[in-house]
Amino acid sequence: MNLKFGTGGLRAVMGEGPDSLNIETIKEATLGVASYIKKEISQPNICICYDSRNQSWEFAKEAAEIFALKGCEVFIGRTLMPTPFLSYVVRELKCDMGVCITASHNAKEYNGYKVYGKDGCQITKNAAKDIQEEIRKVKKTDFYEEVSFEEYHKCGKIKYIPEVMIEKFCGEILRLGFHENDGSDLKIVYSPLNGAGKTCVMNVLREKGFQNIHQVEEQSEPDGNFPTCPYPNPEDDKAMELGVQLSKKIDADIFLATDPDSDRVGVVAKKGRGYQKLNGNQVGILLLDYLLKTRKEKGNLPENPVIIKTIVTTEMVKKIAKEYGAEVIETLTGFKYIGEQIGELEQKGEIERFVFGVEESCGYLIGTYVRDKDAIGAIMLLCEMADLCKKQGKTLWDQLQELYQKYGYYESVSKTQNIDRVKADKYMEEIRENICKNRQIGNEYGPISYYTDYRKADSNLPKSDVLKIYFEDKSTLIIRPSGTEPKIKFYYESIKQ
């Protein structure tokens, strides 16, 4: 297998050969993971979930057989489920490791193999490196299997995840809600983008009392071909088009969409007579303000609340947090780092301090029930918020404008440039050299005041190929290569007080 096992596991185009994701590379990856975990635990318990992508069930089934072959006890989903559910059930069933077959929001040609530790958090760089080494040692003879999935299931080596876990997962989210909405006339449009979110999202919203829910019919059922949204990412305008059309047709108050593994949520709010798509930062600050304000009103905001954000997420988070005396912890890009910080709070006996985790790419966590981003919990609170706004004669867009008036207008724009890894490395070096020599970066930006190179040891975060540039007009630009796709990402933010 030529695929590199990283902190997010594997993500690649499906196809034949060692450079693609297929049954053979899934076997190799699983043998490596099994060898890694068995060095620590002789009979580990493994949990496996999967989403709607093509071959996800086949890959999950193959992984279960390999784990069972290597002496592991396996729990596997009876049906497709969101990635945050895996994070939850790994902890709830006291498993030693979890695997989710998903490529998140990538195009239909992709699938992936995410690995989680017993804490429900994606594995660290060190663990990924050790697993890669175990994969390197895999031999073809290790693939030999005498027992089928069905036989392993009969003898109890492979078990299905108890269906009650779905109810418990949804129950954990519902306990974090603030307002009962029985009789609410909030008109909601929802799309799972042909992914795994439908069951949990609909269960939670209906339990909260929301009944006026309209699904985007073409995207409501699982379909790994994603026929109406080839790039099933709620950040992508094309993926949201059908939902916006339906919203206009029925005069909806809010449109929400989850990506295929349902850890990200996209939001479109009513704006006057039209509709406005909110970016990930805008949704994040709405949720943050709602959580802090409501918990303070209800008297259950911890004495020293903690908000955790990635370095590319809007600085407006810090402004709102300061209003409520909350500490902001910053991490590198990737929700696994937010999960790690929650784990550190737990080890110190301070888990109750955690209030909210946020990353600009539409990822949010409203509680400690999982260690990964969760669109289902975010959707519940967004609908609560939209319902309260409607009763006050306004929309989520109006609420956002009120926050800007109070804290200053933070305009954030993110862009990507397709580029292979080798060229990306060269590009980053050219940027560094240009900054050092000229204190300037392109004609569209002003003079540079200073910059932070996260590749250097003087940063308080682990080394990473990231640059944050501060301009004299107080605006910032962050540049980094993507960790999962052949792209460079740019995050620009300007502030008007």
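**Before starting**

The model is predicted: local features need pLDDT of at least 70, side-chain atom pairs count only at pLDDT 80 or more, and totals for chains, interfaces and linings use all residues. Residues are numbered from 1 along each chain as its sequence is written, and side-chain values use heavy atoms, with hydrogens and water left out.

**Stop 1: the whole chain**

Along the principal axes, the C-alpha atoms fill a box of roughly 65 × 65 × 45 Å.

Buried residues account for 59% of the 497 residues. Here buried means under 20% relative accessible area, exposed means over 50%, and partly exposed lies in between (1.4 Å probe, protein chains only). Of the contacts (heavy atoms within 4.5 Å) between residues at least 6 apart in sequence, 69% join residues at least 24 apart.

**Stop 2: Lys39 and Glu134**

Select Lys39 and Glu134 and show their side chains. They meet in a salt bridge, with 2.6 Å from N to O. A salt bridge is a side-chain nitrogen of Lys or Arg within 4 Å of a carboxyl oxygen of Asp or Glu. Lys39 lies in the loop between α1 (23-38) and β2 (45-50) and Glu134 in helix α4 (residues 125-136), so the pair ties together parts that are 95 residues apart in sequence. Lys39 is exposed, at 59% relative accessible area, whereas Glu134 is buried, at 8%. By the same rule, the count comes to 39 salt bridges.

**Stop 3: Arg432 and Asp465**

Next select Arg432 and Asp465. Their closest N and O atoms are 2.8 Å apart, forming a salt bridge. Asp465 is in the loop between β17 (448-453) and β18 (467-471) and Arg432 in helix α14 (residues 421-438), so this pair ties together parts 33 residues apart in sequence. Asp465 counts as buried at 18% relative accessibility, and Arg432 is buried at 7%.

**Stop 4: a network of charges**

Select Lys114, Asp261, Asp263, Glu359 and Lys373 together. These residues are linked in a network of salt bridges.

**Stop 5: Thr416**

Select Thr416, which is found in strand β16 (residues 409-418). It is partly exposed, with a relative accessible area of 48%. Which residues is Thr416 in contact with, leaving aside its neighbours within four places in sequence? They are Lys487, Ile488 and Lys489.

**Stop 6**

Finally, select Asn194 in the loop between β7 (188-191) and α7 (198-207). Asn194 has a positive phi of about 60° although it is not a glycine, and it counts as buried at 2% relative accessibility. Then move to Asp251, in the loop between α8 (237-250) and β9 (254-258). Asp251 also has a positive phi of about 60° without being a glycine, but it is partly exposed, at 45%.

Technical notes: Helix = DSSP H or I, 4+ residues; strand = E, 2+ residues; numbered from the N terminus.
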